Amino acid sequence: MIFFIGSLIIYVNFIKPTYGKTDLLRGELETKRQQYADYKSVIDRLKPVFESFQSASQLQQSFSSMLPTNPMVPQAVAQLNGLASASLMSINSININELAVVSQKSTLLKGAGIIDLNLAISSNSYESIKSFLQNVESNIRIFDVKRINVSKRDNTNSFVVNLDVYGYYQAQ
Amino acid sequence: MAFNKTLLEQELKKGEELQVGWPWRIMVFSAIVFITTAGIFLGAEFGFKTYIKSQITQVDSQIDELTRSIPEDQQKSFLIFSAQANNIQKVLNDRYNTPSIFDFLEKNTIKNVFYKGVTFDAKELTINIDGIAPDFNTLAQQMEIFRNATSTISKASIGRSSAITEKDKSGRDLSSSVSFTAVLKLKK
């Protein structure tokens, strides 16, 4: 009788809780094994990508020229000034604002930061304005014309161009 | 006869022995159950549980090793590179081709209509025009041209239009024209 009661006590107080704990541990082990398998499959697929990524330094440089890894405001201003000069236009004023980083769905990949450049430019010809816009559009660093106002000065052939341009950079 | 009697006695004795042996058998059985239960507990607690724990530690270290197989700085620069590719594509896809606005206006403007000011807003996708037409008829034709350019324009409307008359010093009418503003809503 004592043995039966002892067995019952061992089962209820020890085996049952141990079985529960062991079951949890088995679940955890299974999850970790699955996690390992997932990681391995991702890393196996990524390894060739990493290898080619390391050899694609030129592409990395191009991307960094298009979307620098920090705002680089002086560079943006210098580039716009250069583009204006190349189209025989002159910049009268520039206002710069740094806007919030565009959020991304992914938590790993950061969004793009924006610098908002407001420019007032003088131009002596309509063709210059078109050429300037074309150059802004095809510049290596990405600029995006958000607003442009072109107005002709009274009784002259000159124009005033007010431009709102976004320059982008890669947030980190 | 004596032989038969002995057999009977023997059978009867067996019954007595059985009665006497049952408690012992139950005790032995209980003891076996007890030992088995204790064995199961000890096996589960110190054998199987410990084995699973060691397996978890092993898998953890394998995961760590796997993560370390690609250096952290490489992972970081790869993530930046991926984010750049992603953002470049997004920005270029969303960007409106501003020079095309001017090409559109050039191709779709009547010879005698002039623009004093043009404002293009990429966020609102609108072109605001401040212009001069020789007369209301021409202005109506001009607006009709905009309305028919359905591949670029979704809506064209006149904001304000008024006749302007230029006079000479003596007050005689020299020429007349129509000043107007218009809003063109662009298609995405």
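How many residues does the contact take from chain A and from chain B? The contact takes 52 residues from chain A and 49 residues from chain B, where two residues are in contact if their C-beta atoms, placed from the backbone, lie within 7 Å. Please bear in mind that this is a predicted model, in which local features need pLDDT of at least 70 and side-chain atom pairs count only at pLDDT 80 or more, while totals for chains, interfaces and linings use all residues. Residues are numbered from 1 along each chain as its sequence is written, and chains are lettered from A and ligands numbered from 1 in the order in which they are written.

On the side of chain A that touches chain B, the elements giving two or more residues are helix 1 (2-55), helix 2, helix 4, strand 3 and strand 4 of chain A. Helix 1 of chain A gives the most to that side, with 25 residues. Helices (H or I, at least four residues) and strands (E, at least two) are DSSP runs, numbered from the N terminus.

Let me turn to one helix pair across the two chains. Helix 2 (residues 57-66) of chain A packs against helix 2 of chain B at an angle of about 55°, with the axes 10 Å apart. Axes here are lines fitted to C-alpha atoms, for helices over the stretch in contact, and angles run from 0 to 180 degrees between N-to-C directions. The two helices are therefore oblique to each other; angles under 35 degrees count as roughly parallel, over 145 as roughly antiparallel, 65 to 115 as roughly perpendicular and the rest as oblique. Q60(A), F63(A) and M66(A) make this contact from helix 2 of chain A, and F81(B), Q84(B), A85(B) and I88(B) make it from helix 2 of chain B.

Next, helix 4 of chain A. Its 13 residues (126-138) should span 18 Å at 1.5 Å a residue, and the end C-alpha atoms are 19 Å apart, which agrees; the expected span is 1.5 Å times one less than the number of residues. Which residues of helix 4 of chain A are buried? They are I129(A), F132(A), L133(A) and V136(A). Seen down the helix axis, these buried residues fall within an arc of 95°, so they line one face of helix 4 of chain A; the arc is that of the directions from the helix axis to the C-beta atoms. A residue is buried if 20 or more other C-beta atoms lie within 10 Å of its own, exposed if 12 or fewer, and partly exposed in between. The face turned away from the buried side of helix 4 of chain A carries the exposed residues E127(A) and S138(A). Among the elements covering the buried residues are helix 3 (73-86) of chain A and helix 3 (99-107) of chain B.

Helix 3 of chain A has its own buried residues: A76(A), L80(A), L83(A) and A84(A). They fall within an arc of 100° seen down the axis, so they too line one face of their helix. The axes of helix 3 and helix 4 of chain A come within 9 Å and cross at roughly 145°. L83(A), A84(A) and A86(A) in helix 3 meet F132(A), N135(A) and V136(A) in helix 4 of chain A. Just after helix 3 of chain A, L88(A) takes a positive phi of about 55°.
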